[in-house]
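Thanks for coming. I will go through one structure, starting with the whole chain and then moving to a few residues.

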Amino acid sequence: MFKKAVAVSLIALLFLCFHVQGSKPLFYGYADSFEVYLVDGSFSSKIKQCDYYEFISTKNIKGEACKINADNFDLDGFIKSFNARVVFVEELDEVVVYYAFSPEIKYLECVGGECVNLHVAVRKGQVTVGAPLIYGSF
C-alpha cells in the first residue's frame, strides 16, 4: 500500500512539474512581471497584472505582454529567439512598432489582412512586447 501511495505521489509531482514548465510566461527571462489577457481583444478590464507564480496559476490565457528595459534590448535577437519574421512596421510619434509572426507562438490575430502574433513597440528607454498584440498603451 505504501509503495502504491509513493508511486501515485511521484506521478502527481511529475505531472505538476510538466504543467508548470508548460505554462511558463512567453516572455519569461525578459521581465519579472507580466500582463495576462483573459479574453480576446482589447478589453482593459480583462487584463491581469501578475508575477511568475500568479501567471502559472492563471487558466484560459488569451495573450500576454510585458515591459522591458530598452537599454540592452536586442530587437533582432529577440525576434530570432521566437523564430519569427517581421510582417510590417509602423512609426508612431516616437515609437517604432513591429508586427511579426512566429510559428512557435500559439496566439494569433489578423491586422490589415496579415496574421501576426508577436508585437513589439520600441521607444526610448522602454520596449513593450505582446502576443498576439499589445493591448492598452505602449
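**The chain as a whole**

Of the contacts in the protein chain with a separation of 6 or more, 49% are between residues 24 or more positions apart; contact here means heavy atoms within 4.5 Å. This is a predicted model, in which local features need pLDDT of at least 70 and side-chain atom pairs count only at pLDDT 80 or more, while totals for chains, interfaces and linings use all residues. Residues are numbered from 1 along each chain as its sequence is written, and side-chain values use heavy atoms, with hydrogens and water left out.

The protein chain has three helices and nine strands, taken as DSSP runs numbered from the N terminus (helices H or I, at least four residues; strands E, at least two). In sequence order the pattern is α-β-β-α-β-α-β-β-β-β-β-β. Of the 138 residues, 36% are buried, that is, under 20% relative accessible area, with a 1.4 Å probe and protein chains only.

Now strand 9. Strand 9 covers residues 126–131, and because five of its six residues are buried, it is largely enclosed by the rest of the structure. It pairs with strand 3 (residues 63–69) in the antiparallel sense over six bridges; two strands pair if DSSP finds at least two bridges between them. Within strand 9, Thr128 stands opposite Lys67. Strand 8 also pairs with strand 9, antiparallel, over five bridges. Strands 8 and 9 form a hairpin with two residues between them, and Gly125 in the turn has a positive phi of about 90°.

Next, which residue of strand 9 is the bridge partner of His119? It is Gly130. His119 itself lies in strand 8, residues 118–123. His119 is buried, with a relative accessible area of 3%. Its side chain reaches the backbone nitrogen of Ile134 at 2.8 Å. Leaving out residues up to four places away in sequence, His119 touches several others, among them Val97, Tyr99, Pro132 and Phe138.

Last, Glu35, which sits in strand 1, residues 33–37. Glu35 is buried but has no salt bridge, meaning a side-chain nitrogen of Lys or Arg within 4 Å of a carboxyl oxygen of Asp or Glu. The nearest side chain of opposite charge is Lys67, 5.2 Å away; Lys and Arg count as positive, Asp and Glu as negative, and His and the chain ends are not counted. What the Glu35 side chain does have is a contact with the side chain of Gln49, listed as polar, at 3.0 Å. A polar contact is a pair of N or O atoms within 3.5 Å; within protein, one must be able to donate a hydrogen and the other to accept it, and residues adjacent in sequence count only if both atoms are side-chain atoms.

How values were computed. Buried < 20%, exposed > 50% of the residue type's maximum accessible area, 1.4 Å probe, protein only.
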